[in-house]
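Subject: Structure handover

Hi,

Here is the structure for you to look over. My notes follow below it.

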Amino acid sequence: MQKSVRYNEGHALYLAFLARKEGTKRGFLSKKAAEASRWHEKWFALYQNVLFYFEGEQSGRPAGMYLLEGCSCERAPAPPKAASGAAGGKDALDKQYYFTVLFGHEGQKPLELRCEEEHEGKEWMDAIHQASYSDILIEREVLMQKYIHLVQIVETEKIAANQLRHQLEDQDTEIERLKSEIVALNKTKERMRPYQGNQEDEDPDIKKIKKVQSFMRGWLCRRKWKTIVQDYICSPHAESMRKRNQIVFNMVEAESEYVHQLYILVNCFLRPLRMAASSKKPPITHDDVSSIFLNSETIMFLHEIFHQGLKARIANWPTLILADLFDILLPMLNIYQEFVRNHQYSLQVLANCKQNRDFDKLLKQYEANPACEGRMLETFLTYPMFQIPRYIITLHELLAHTPHEHVERKSLEFAKSKLEELSRIMHDEVSDTENIRKNLAIERMIVEGCDILLDTSQTFIRQGSLIQVPSVERGKLSKVRLGSLSLKKEGERQCFLFTKHFLICTRSSGGKLHLLKTGGVLSLIECTLIEEPDASEDDSKGSGQVFGHLDFKIVVEPPDSAPFTVVLLAPSRQEKAAWTSDISQCVDNIRCNGLMTIVFEENSKVTVPHMIKSDARLHRDDKDICFSKTLNSCKVPQIRYASVERLLERLTDLRFLSIDFLNTFLHTYRIFTTAAVVLEKLSDIYKRPFTSIPVRSLELFFVTSQNNRGEHLADGKSPNLCRKFSSPPPLAVSRTSSPVRARKLSLTSPLNSKIGALDLSASSTTSSPTSTYSPATSPPPHTGKVPLDLSRGPSSPEQSPGPLEENLDNPRMDLCNKLRRNIRRAAVLESVSGDRTVSESTPGVEIAELSPCRSPSTPRHLRYRPPGGQTADNTHCSVSPASAFAIATAAAGHGSPPGFNNTERTCDKEFIIRRTATNRVLNVLRHWVSKHSQDFELNNELKMNVLNLLEEVLRDPDLLPQERKATANILRALSQDDQDDTHLKMEDIIQTLDCPKAECFETLSAMELAEQITLLDHIVFRSIPYEEFLGQGWMKLDKNERTPYIMKTSQHFNDMSNLVASQIMNYADVSSRANSIEKWVAVADICRCMHNYNGVLEITSALNRSAIYRLKKTWAKVSKQTKALMDKLQKIVSSEGRFKNLRETLKNNCNPPAVPYLGMYLTDLAFIEEGTPNFTEEGLVNFSKMRMISHIIREIRQFQQTSYRIDHQPKVTQYLLDKTLIIDEDTLYELSLKIEPRLPA
């Protein structure tokens, strides 16, 4: 039999006595009895964590007690009462306060209590909550985690201490051995020393002489040592040691800043969000908190310990030994692998959580904390991504100033190698992180939000300002002029291009962006780009003359609404070429990948086509190529290292072309190859596509699916289904813009002319008896468009009605419909003046007769011949090669039709490959000419070779109309003169400086000065060609010859800064100087509002010069508001943390046009150039480095391409560029000393 639990009753009675006298909370409460409806009033007393209850207030012995440790207390609803109860009693019960004490284990019933007053009940609940020690338990758990972490560190320290102890013991043994050897040697020496007797006392004069000699030797020795020390101080070794110490000091400061950032991340975001996740209505779950912050708290603990070790080393200066610290730190840095590996997922989870309004509101409250300094959570989550590269750069600088015989040289080299190995893992994640941050920054600027930007596969391409031309009914442009002021103001749009979507926004007066209600988000899969609107169309007639050929159209065909057209104007032809080139590349990539996916992976959710997934050369490392884990915009692994041949092979791979790879290649190709080699490769692809393309690519290009064919036959389906898809049927597309005007779509192919013509309707009846319906079937009434129908086989119109209904349930019809819709979107329709007109009085004419079309992959003897011997050569319509490729692949996947021999099938494949190869060559050349025109301006031989190649393409008789038009556009862009460039140049401004009337500083307003400074800064910044950013030419001895425009930019910056300082020092009285400072600060603030941060830095650097900064009397006259504004501007453009504030401003709050500080980008490029080589030891191109360089150049060119709309004012620029007003630095300081002399010490 189980015994009852024994306890010390005497001590319990003593505690009850203390509870009655000194209890935390005492009073009457009603305790619910075992019966559900009975309550007993007891007198309760709470002492520490024990709750006693007595029968009455005067009772000496307790009736019972409860241990409250680990319990919880919460309010309980009032129990329901019977309807027959008195109304007064019911009101009294409603006023009573009920609460329940829950114990944290099973088997213990909760304690239900009530009291008369609500405030008294709350006091009891608070007292019980404190007595439960829950806060102490939570704190104990946190301390236990820290304790476990510190125990691990102590164990590591113990291991290191044991190793050092063993080394000391070995050294002690070695010292004892050496001592014994020395003693033995001394004994031997004493035995060998001859006997020397006591010498007689020396003469006093001799002693004096020796004393003088000793003094002279001492003086000469001290002088020699002084010379040695002075020589050492001036020696390169001492200079290297001083630089080494400075690097260590900077490292300690950077580590302190990093620990502070981690502290803000943990204490201002992580821990508050953990508490919010534990609330009753959590805005976020604990799992999401863990997914967002990962192991950032552990990283903070690690770096706090490392920071303490660094400070301890500084205390022992000048002896700075860091190798042992890195030896302890290196094994623990593996925690960064988890952070880096999941960082992209972390930002994705954060983006999903922001869709919850409660969480977004709470997060904005946390970000408003002054400690965050206006930075967002994404910024703090990104800081750990750059810590390992920062350590690598620091170690690289330390090793550069550490002698080879230094005691910690080998340890530092080992630490650097380990960090570089860890950095390779992190490197692949950085580009995706930057892209996600850019997307989130744009999404935050849009007031309505934009869900498509939360897709991590959405890659940012470009942004800028365009003018949207208003339209009236039927798509006709309103007759407006480009120079119209209302069109510029009302039609100005901020546009953003991504790999999948095109955003059009309006900007409010406050700087916020608003998506257009109609056509604000354009899906590129539904868009068709028309670069040069056809003058023969009614809705665009004369638009080239009206808009100066700066307009282009985007035709949108959404599946669930009526199609519409967006007409946009670019500021210049260069910007139009850049926009159209990027948009067309994105559209081609989406359509090619989408159509191939529909054909090859009908029932798969994977977006990569099967032919690409099957090619191991695109995924597997080899001796001449190495891939990273990050995927590009085509969902293919990015290249890390590769030979030049493999890079050119990727450039000309006909299956896909990633726009980020193309941009990187064209930006950096001159580092590892020449333009002539690239052009020769493109020429080979065009002339000999079969010999230039790898065999594996050709095999996969026409991969067939025999299994699918067998499955459909085995399912017992009608054999006519396989016949329908066995070859591409004739395309019957007719799109009309008016009742009397028809647009036709046709594709011509160069096949053997000896093959005779065959009537399609007759041949289909004989060769395929199972064919049931025809594309020539009349369309439904009241329909102006005939869709491209690939689900119908060639047949006679009489057979169409019956079997059509049978095939509606065919599962293969979904594939047809998808393919049909995509090809309709891909087709670029043209109307030509020679098109046939349709008479309104002849409604019985068949559409197929009016729109004869031919498939590029159908043999000539099976192509449609119009009745009466007429030909369709005069109907010029086009479809993009992506559509032709989709049609060919749709036909190649299901076997060959009866009556098609191997020769005809091979001919079709050759035609498709030639068309696709031509399209690839034109695509690359269009990008090259439109975005990198400087290559052809500086290399006339290259320009002539490209012109010859394009002329050869134009002479191709099999060229599709769209390809012919694209070739003509490239020729036009390459041949046009520089006079088409309407941008203002610095040479034009300098020519206007001969104006006799000169303005002075007092007569010019701050707005005029800021506008003209911004205009000049952007002109100088815009003139820098991108090739000057390669190879660190600005740091070479011949920098003026290699990078003349960068040096001009630097000189212009110095001249403007000198002008500001000289203008202030020209005033003799204090008040005038103070007014001048206030005016220049106002100019700098206006420059900030205009996003001219280069101008802000020009002015602030001038004000911080020693000649002006020391003028205390002048600064005392400056107002407090101006000084506060000055501090704000200096904080934005401060170089602290590699211009971290300026970078955040440019990424989150700045849109082109803008003028960034060029030195920030030059510093980034210098870090990349010095930190990583161009080629690996195996001779492969370091394409990851090229990608980083290209990313920086793209950001620079983004700001270069968008110009300010500021009118040139010669009177202001004449003052700003007047070098006679500039005083040199030495003269400025002498003048400053005259104005305000130094105070006596």
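Lys1211 counts as partly exposed because its relative accessibility is 36%. Glu1008 has a relative accessible area of 18%, so it is buried.

Bear in mind that this is a predicted model. The mean pLDDT of the chain is 75, and 72% of the residues score at least 70. Confidence is highest in helix H41 (residues 1093-1103), at 94. It is lowest in strand E19 (residues 741-744), at a mean of 32. Residues 595-609 also have pLDDT below 50.

More on salt bridges. The whole structure holds 34. Two further pairs:

- Asp956 and Arg915: the closest N and O atoms are 3.6 Å apart. Asp956 lies in the loop between helix H34 (940-954) and helix H35 (961-975), while Arg915 is in helix H32 (residues 902-931). Both residues are buried.
- Arg646 and Glu649: 4.0 Å, N to O. Both lie in helix H20 (residues 644-651), three residues apart. Arg646 is buried, because its relative accessibility is 7%.

On the overall fold: the chain has 49 helices and 21 strands. Of its 1241 residues, 48% are buried. The accessible surface is about 63,600 Å², with 53% of it belonging to carbon and sulfur atoms.

Best wishes

Note on methods: Residues are numbered from 1 along each chain as its sequence is written. This is a predicted model: local features need pLDDT of at least 70, side-chain atom pairs count only at pLDDT 80 or more; totals for chains, interfaces and linings use all residues. Side-chain values use heavy atoms; hydrogens and water are left out. Helices (H or I, at least four residues) and strands (E, at least two) are DSSP runs, numbered from the N terminus. Buried means under 20% relative accessible area, exposed over 50%, partly exposed in between (1.4 Å probe, protein chains only). Accessible areas come from the Shrake-Rupley method with a 1.4 Å probe; for residues, only the protein chains shown count as cover. pLDDT is the predictor's confidence in each residue, from 0 to 100. Contact means heavy atoms within 4.5 Å. A salt bridge is a side-chain nitrogen of Lys or Arg within 4 Å of a carboxyl oxygen of Asp or Glu.
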